[in-house]
Amino acid sequence: MIYFIITTCLLKSENFNERKNKYKESLDIVKKLLGNKKNIKIIIVENTGKKHRTFLNDYGFDVYYTENNHKYNTENKGVKELKDIWDCIEKYNIKDEDFVIKMTGRYILNENSEFISEIIN
């Protein structure tokens, strides 16, 4: 199985709407390119606390909400993000033989990417 993990952080800040729009643009492309592939499981990980629902749920992917952004007292965002990924691997029981792709949610995939073509095929 291929797991496509997309990390997000919906912190309320002065650039929240800009971040939200980037996430939407990115997720629209992910859904278009990978959303209907049977061997790819797309998981969005959002780390600002347990929520019932956000716009992230509108894409039809699994959304896993963690509290790691508030739980760890460090300025190093990478530590928090790594903990999100480890927690996701544990929650979804991802095996060593599975293939994991991690993408920051604000990255925009190139629809003509050779990498994405390889994943699809």
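Buried means under 20% relative accessible area, exposed over 50%, and partly exposed in between (1.4 Å probe, protein chains only). What you have open is a predicted model, where local features need pLDDT of at least 70 and side-chain atom pairs count only at pLDDT 80 or more, while totals for chains, interfaces and linings use all residues. Residues are numbered from 1 along each chain as its sequence is written, and side-chain values use heavy atoms, with hydrogens and water left out.

Start inside. Select F4, V30, L34, I42, L56 and L109: these have the most contacts within the largest nonpolar core, which has 26 residues (buried Ala, Val, Leu, Ile, Met, Phe, Trp, Tyr and Cys joined through side-chain atoms within 4.5 Å). Now colour α1 (16-34), which gives this core its largest share, seven residues. Helices (H or I, at least four residues) and strands (E, at least two) are DSSP runs, numbered from the N terminus.

Zoom in on V30. Beyond its neighbours within four places in sequence, V30 is in contact (heavy atoms within 4.5 Å) with F4, I6, G35, I42, F61, M103 and L109. Another core, of eight residues, lies apart from the largest one; pick out Y3, I5, V45 and Y64 among them.

Next, the charges. The whole structure holds five salt bridges (a side-chain nitrogen of Lys or Arg within 4 Å of a carboxyl oxygen of Asp or Glu). Show E111 and K32, with closest N and O atoms 2.8 Å apart; E111 sits in the loop between β4 and α4, K32 in helix α1, 79 residues apart.

Last stop: E81 and K102, bridged at 2.9 Å, N to O. E81 lies in helix α3 (residues 77-91) and K102 in strand β4, so this pair ties together parts 21 residues apart in sequence. E81 is partly exposed, at 24% relative accessible area, and K102 is partly exposed at 31%.
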